[in-house]
Amino acid sequence: MWNADIRQCPQYGLICGFVQPWLFELGDASTYPFPDYSIDKFKMFLKQVRESRGYDISFKPPGSTLSPMYLDIMMKDKGYRKFVNAKCKFVVGKINLEAQMHGEHYVYRKVVKAVEACLSRSSLLTFTVREVSSNVLKTVQAFVFFETFKRMTLKEWRFHPESPGISSDEVEDPESSEEEDCDSEEDG
């Protein structure tokens with residue numbers, strides 16, 4: 001479900017304006033469109049988008065529809081926590097459909113990062129799961145289109161390649177308040 005070619009990834013429409021080189025990057029500084037915004041910071045954003053497909057951006061510059069969510073603040077809001085957890089659990093359900101033929105089963109642990117597309121109902125999520133039989137934690141990245149709690153579409157997912165599986169015995173449990181609200185309405 002993960003296409004290595006960034007031009008073929010489902011969120012390409014969200015990031016295409018940042019993937020191709022801008023004229024100012026090619027040497028024509030007069031074409032930089034945001035004179036009140038640091039060109040170096042904008043270049044850092046472009047690098048983050050190009051390297052991670054938008055999953056690992058750390059800030060929202062002018063002209064971007066992608067916005068990283070500040071989880072330390074957002075997860076304190078019960079409604080947002082339910083919203084993000086429902087999307088992550090939906091993805092885990094889809095992963096389990098694929099994994100069952102290999103005798104694997106995953107359980108959602110906690111969200112690590114969320115990037116929301118401002119003008120669509122799309123989310124680029126990074127979260128952890130625990131493989132039940134081996135008790136190993138893995139990091140998942142997924143692109144989810146959200147209509148309602150009952151209507152979501154998984155556009156792509158992968159186990160993050162730079163995340164070595166570690167025993168969940170070595171990792172603290174998520175905060176109890178987060179686990180309480182992990183249960184959401186049935187995904188469908």
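Is R50 buried, partly exposed or exposed? R50 is partly exposed, at a relative accessible area of 28% (buried is under 20%, exposed over 50%, partly exposed in between, with a 1.4 Å probe and protein chains only).

This is a predicted model, so local features need pLDDT of at least 70 and side-chain atom pairs count only at pLDDT 80 or more, while totals for chains, interfaces and linings use all residues. Residues are numbered from 1 along each chain as its sequence is written, and side-chain values use heavy atoms, leaving out hydrogens and water.

**View 1. E25 pairs up with R50 in a salt bridge.** The structure holds four salt bridges (a side-chain nitrogen of Lys or Arg within 4 Å of a carboxyl oxygen of Asp or Glu). In this one, the closest N and O atoms sit 2.8 Å apart. E25 is in the loop between α1 (12-19) and α2 (39-52), and R50 is in helix α2, so the pair ties together parts 25 residues apart in sequence. Helices (H or I, at least four residues) and strands (E, at least two) are DSSP runs, numbered from the N terminus. E25 counts as partly exposed, at 28% relative accessibility.

**View 2. E156 meets R53 in a salt bridge.** Here the N to O distance is 2.9 Å. E156 belongs to strand β5 (residues 151-159) and R53 to the loop between α2 and β1 (66-68), 103 residues apart. Both E156 and R53 are buried.

**View 3. E116 meets K87 in a salt bridge.** N to O, it's 3.3 Å. E116 and K87 are both buried.
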